[in-house]
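Me: I've got a structure open and some quick things to ask. Can we go through it together?

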Amino acid sequence: MVNARWLAPGSPSGLLRLADAELVAGVLADGGLAVLPTETGYMLAAAATIEASVERVFRAKRRDLAHPMHIACASLEMAAHYGVLTPDARRVIGAFTPGPLTVVVEHTSELPRRLVTHEGTVGIRVPDHPATLQVIAAAGVPVTATSLNPSGAESRPVDADVLAELEWDEDEAVPVVVDHASIRHTLASTLVSLTGPDGPRVLREGPVSAAQVRATLAQ
């Protein structure tokens, strides 16, 4: 059973109180899990640089280890530390994030070679929520960007019933940052590959259209 600690943004800007942000970032840095809001739903976060923590996310979601997770960064600078950002990648990230778009780029040596990477690549997004960006920045590392639901199930706003559907370690303490109003999109983030000989490809169209991506890349 999970021992949830319910939190909410404490300022009109959407930021957490500093003590709460420090608490959540500390849990992540120590290898724990947290639930964070984004514009496309809630995500189950673990430090993407700690393999054992990422494995706990897979276990909680009952997700096949063969399906790596994307990562969430707090800034372009953090994204460039963990992914190789080409001019096209910088252009797309700069134009559409923070927001509902994920880019697939080559990863650097700072990430594990499994679970959050695939054949030399990593999916990077910068979610559009002040508290989530605040926590990731405070933790100093990217976190897993995966939805809060058992693998294959529909994503729903977080509550005690939703948490109970996941498999947690015994009495696992998990901070949960609640902001239902932050969810503005029902579709998953747009997924754009910026690797490979075929050039940029929209692998999944979401809130950002393929036409918008193409127009930005053509500038």
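Me: Which residues of H5 are buried?
Reply: This is a predicted model, where local features need pLDDT of at least 70, side-chain atom pairs count only at pLDDT 80 or more, and totals for chains, interfaces and linings use all residues. Residues are numbered from 1 along each chain as its sequence is written, and side-chain values use heavy atoms, leaving out hydrogens and water. In H5, Ala131, Thr132, Leu133, Gln134, Val135, Ile136 and Ala139 are buried. Buried means under 20% relative accessible area (1.4 Å probe, protein chains only). Helices are DSSP runs of H or I, at least four residues, numbered from the N terminus.

Me: How many residues of H5 is that, and what follows from it?
Reply: 7 of the 10 residues in H5 (residues 130-139) are buried, so H5 is largely enclosed by the rest of the structure.

Me: What follows H5?
Reply: Glycine 140 does, and its phi is positive, near 80 degrees.

Me: New topic. How do H4 and H7 cross?
Reply: The axes of H4 (residues 87-96) and H7 (residues 210-218) come within 9 Å and cross at roughly 125 degrees. Axes are lines fitted to C-alpha atoms over the stretch in contact, with angles from 0 to 180 degrees between N-to-C directions.

Me: Which residues make the contact?
Reply: From H4, Asp88, Arg91, Val92, Ala95 and Phe96; from H7, Gln212, Val213, Thr216 and Leu217. Contact means heavy atoms within 4.5 Å.

Me: What does UniProt place at residues 18-208?
Reply: The unreviewed UniProt entry has "domain: YrdC-like" there. UniProt annotations may be inferred rather than shown by experiment. In the model, that span is 29% helix and 23% strand. Strands are DSSP runs of E, at least two residues.

Methods
Buried means under 20% relative accessible area, exposed over 50%, partly exposed in between (1.4 Å probe, protein chains only).
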